[in-house]
Amino acid sequence: MSSGTPVIAGIIPARFASTRFPGKMLHPLAGKPLIQHVFERVKQAKRLSAIVIATDDQRIVDAAHSFEAEAFLTSADHPSGTDRIAEILFKNPAFTHALNIQGDEPLIEPVLLDVLCEAMISDPGMEMITAARKLEDAEAIANPNVVKVVTGVHCRALYFSRAAIPHLRSGGVRACTFQHLGIYGYSRETLQRFVALPPGVLEQSECLEQLRALENGIPIHVHITDHVTIGVDTLEDAIAVEKLLHVGG
């Protein structure tokens, strides 16, 4: 593991293409492109040493530079945002850790970012960290687009699934269901190991990249939060989030 004071980069992967919403990163919300809202929220976090937008499209680079964000073109061949983040991290040897921040969540909570950073700073041996929140809505629990996670007594992830986990059998004890929030912190060494590993059977079955870590013995600490994340996956999502942005000023 890295020695000395951790240097944590907040890296925002921003792909231009999107199956359900092409060009969504530049879609205007309350007078600003989506990616700018994300950047400005992340900028409010106090524990990040740098904020970088990692993209595959020059249009996003140009937009980022217009609001004075640091942005870099990465390879167009990356299969995931994690690989894009790894490229940025490896090109900047001063960064000891990376916080993977979704580029389509304009209401991300800066305090949550700081909490995850503090956890990595206080525990030099931590390999990966993510976040989850208590989920009580039955429709959301049954929704395969809402990823669930179960943890052990030390808040380490046991499994992530699109299914409703844990299953409540007749006569069983009801346990809390937690929704996984798609934010990750990695040490440099862990990220380097992770992207070198081939996708595992569980990952390919559930289409959940984080299962690659569990399949290969990489522990993932789960921070439980009250933060409610709202991602923009469709134009309808954008319209709903824009209303919230107007309300919030």
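**What is behind the labels**

Author: Let's start in the middle: the largest nonpolar core of this predicted model has 41 residues, and Val42, Leu48, Ile53 and Leu99 have the most contacts inside it. Elements giving two or more residues to this core include strand 1, helix 1 (34-42), strand 4 and strand 10 (177-187). Helix 4 gives the most, with six residues. There's also a second, separate core of 29 residues, which includes Met128, Ala157, Phe178 and Tyr184.

Reader: What does Leu99 touch?

Author: Leaving out residues up to four places away in sequence, its contacts include Ile8, Gly10, Leu48, Leu113, Met120 and Tyr184. Leu99 also stands opposite Gly10, as part of strand 6.

Reader: Why is strand 1 called largely enclosed?

Author: Buried means under 20% relative accessible area. Seven of the seven residues of strand 1 (residues 8-14) are buried, so the strand is largely enclosed by the rest of the structure. Both faces are covered: Ile8, Gly10, Ile12 and Ala14 are buried on one side, and Ala9, Ile11 and Pro13 on the other.

Reader: Which strands does strand 1 pair with?

Author: Strand 6 (residues 97-100) runs parallel to strand 1 and is joined to it by four bridges. Strand 4 (residues 50-55) pairs with strand 1 in the parallel sense too, over six bridges. Within strand 4, Thr55 is the bridge partner of Ala14.

Reader: What makes Asp56 partly exposed?

Author: The cut-offs are under 20% for buried and over 50% for exposed, with partly exposed in between. Asp56 has 25% relative accessibility, so it counts as partly exposed. You'll find Asp56 in the loop between strand 4 and helix 2 (58-66).

Reader: And how do you know that Asp56 has a polar contact with Phe16?

Author: A polar contact needs N or O atoms within 3.5 Å. Here a polar atom of the Asp56 side chain lies 3.2 Å from the backbone nitrogen of Phe16, so the pair falls within that limit. Beyond its neighbours within four places in sequence, Asp56 is also in contact with residues including Ala14, Leu73 and Arg84.

Reader: How do you know that the buried residues of helix 2 are on the same side?

Author: The buried ones are Ile60, Val61, Ala63 and Ala64. They cover an arc of only 165° around the axis, which puts them on the same side of helix 2. What covers them includes strand 1, strand 4 and strand 5 (70-73).

Reader: What caps the N-terminal end of helix 2?

Author: That's Asp57, with a side-chain oxygen 2.8 Å from the backbone nitrogen of Arg59. Just after helix 2, Glu68 takes a positive phi of about 60°.

Reader: Why is the pair of Phe39 and Phe67 called tilted?

Author: Ring centres must lie within 6.5 Å to pair, and planes under 30 degrees apart count as stacked, over 60 as edge-to-face, the rest as tilted. For Phe39 and Phe67 the centres are 5.6 Å apart and the planes are at 45°, so the pair is tilted. It links helix 1, where Phe39 sits, to Phe67 in the loop between helix 2 and strand 5, 28 residues apart. Phe39 and Phe67 are both buried.

Reader: Then what makes the pair of Tyr184 and Tyr186 stacked?

Author: Their centres are 6.1 Å apart and their planes are at 25°, so the pair is stacked. Tyr184, at 10% relative accessibility, counts as buried, and so does Tyr186, at 2%.

Note on methods:
Residues numbered from 1 in each chain as written. Predicted model: local features only at pLDDT ≥ 70, side-chain atom pairs only at ≥ 80, totals over all residues. Heavy atoms only, no water. Buried < 20%, exposed > 50% of the residue type's maximum accessible area, 1.4 Å probe, protein only. Pairing = 2+ DSSP bridges. Contact = heavy atoms within 4.5 Å. Polar contact = N/O pair within 3.5 Å; in protein donor to acceptor, adjacent residues only side chain to side chain. Core = buried A, V, L, I, M, F, W, Y, C linked by side-chain atoms within 4.5 Å. Arc of directions from axis to C-beta. Phe/Tyr/Trp six-rings, centres within 6.5 Å; stacked < 30°, edge-to-face > 60°.
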